[in-house]
Amino acid sequence: MDSSTFFSQMALDLHDEPTAERTVELIAEYARVATSCDDAGIMLVHARNQIETAAATSQRVGESHNLQIVHDEGPCLDAIEGEAIYQSGDVGNDPRWLKWGPAVAELGIRSVLSVRLETRTRRYGSLNLYANHVDAFDDDDVAVATIFVRHAAVALANAHNEEGLQVAIDARKLIGQAQGILMERFDLDADRAFDFLRRQSQAHNVKLRYVAEWVVDHRNSPDATFETPQLSPEQTPAN
């Protein structure tokens, strides 16, 4: 398969994936094939000490990412905060990562190529390629990875946007159901039913869709009392 056919097929396959999780898994696998490396992974970074291994072709990829958290250094982190591309042909003896390099070399990794995963408006993390022998990546691999990561970033952005849109649609449906239940039970109009949901959201410091979900779940229990749940940070307002 020539390169143009490869990237065309990749773009189609990525577009067909239904979730961001499956998208990044396919990205990692395509990246491994595209550069003929031994392993590949996607690191998503929310903060310097909040790193998620979103995809990995082997267990040691996740271990490599975790070692960067432990030592607070490494090419995957640097590709997000510094230059867009970091390459090393001998990680165990690279003076840029005196702690991470020897540690990851013990996993059998000798070469690494990390490329920032971003769009024009957002930095997601990095695409990281690993090889078992020294000097594994040349200029052609860098060029391929650079082209590849652009396709990958767009696919990831689209997947996130579609998931966010679906969450919003589902929330609106749930709120509409809760309004209907309140309107029927208490003879309220739509505005007053929504205002009740909003007040409960503010009073209990939970998202509006959680209040709506509670109303729907307890629609057959008219005497049930709303209690403030123990929620994770992403479940709390803003609505």
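**Notes on the predicted model**

1. Let's start with the overall layout. Along the sequence, the elements run α-α-β-β-α-α-β-α-β-β-α-α-α, a total of eight helices and five strands. Please keep in mind that this is a predicted model. The protein has 239 residues, and 41% of them are buried.

2. A word on surface and contacts. The accessible surface of the protein is about 13,200 Å², with carbon and sulfur atoms accounting for 48% of that area. If you take the contacts between residues at least 6 apart in sequence, 57% of them join residues at least 24 apart.

3. The largest nonpolar core has 33 residues, and the members that touch the most others are Ile42, Leu117, Leu127, Leu129 and Phe148. At least two residues of this core come from each of α1 (3–16), α2, β1 (39–47), β2 (50–56), β4 (111–118), β5 (123–131) and α6 (139–186). Helix α6 is the biggest contributor, giving nine residues. Apart from this core there is another one, made of 19 residues that include Ile51, Ala79, Ile80 and Trp97.

4. Which residues does glutamine 68 contact beyond its neighbours within four places in sequence? They are Met43, Glu73, Gly74, Pro75, Cys76, Leu77, Trp100 and Tyr130. Glutamine 68 sits in helix α3 (residues 59–71). Its relative accessibility is 0%, so this residue counts as buried. Cysteine 76, one of those contacts, is likewise buried, with a relative accessible area of 0%.

5. While we are on cysteines: how many disulfides does a search of the whole structure find? The count is zero. Cysteine 37 has 5% relative accessibility and therefore counts as buried.

6. On to charged pairs, where the whole structure holds seven salt bridges. One of them joins arginine 32 to glutamate 29, with the closest N and O atoms 2.4 Å apart. Both lie in helix α2 (residues 20–35), and because they are three residues apart there, about one helical turn separates them. Arginine 32 is partly exposed at 26% relative accessible area, and glutamate 29 is partly exposed at 31%.

7. Is aspartate 94 buried or partly exposed? With 10% relative accessibility, and buried meaning under 20%, aspartate 94 counts as buried. Its side chain meets that of arginine 96 in a salt bridge, at 2.8 Å from N to O. Arginine 96, for its part, is partly exposed, with a relative accessible area of 40%.

8. Finally, a salt-bridge network links Arg116, Glu118 and Arg123. Within this group, glutamate 118 and arginine 123 form a salt bridge whose closest N and O atoms are 3.5 Å apart. Glutamate 118 has a relative accessible area of 30% and is partly exposed; arginine 123 is also partly exposed, at 44%.

Note on methods. Residues are numbered from 1 along each chain as its sequence is written. This is a predicted model: local features need pLDDT of at least 70, side-chain atom pairs count only at pLDDT 80 or more; totals for chains, interfaces and linings use all residues. Side-chain values use heavy atoms; hydrogens and water are left out. Helices (H or I, at least four residues) and strands (E, at least two) are DSSP runs, numbered from the N terminus. Buried means under 20% relative accessible area, exposed over 50%, partly exposed in between (1.4 Å probe, protein chains only). Contact means heavy atoms within 4.5 Å. A salt bridge is a side-chain nitrogen of Lys or Arg within 4 Å of a carboxyl oxygen of Asp or Glu. A nonpolar core is a set of buried Ala, Val, Leu, Ile, Met, Phe, Trp, Tyr and Cys residues joined through side-chain atoms within 4.5 Å. A disulfide is a pair of cysteine sulfur atoms within 2.5 Å. Accessible areas come from the Shrake-Rupley method with a 1.4 Å probe; for residues, only the protein chains shown count as cover.
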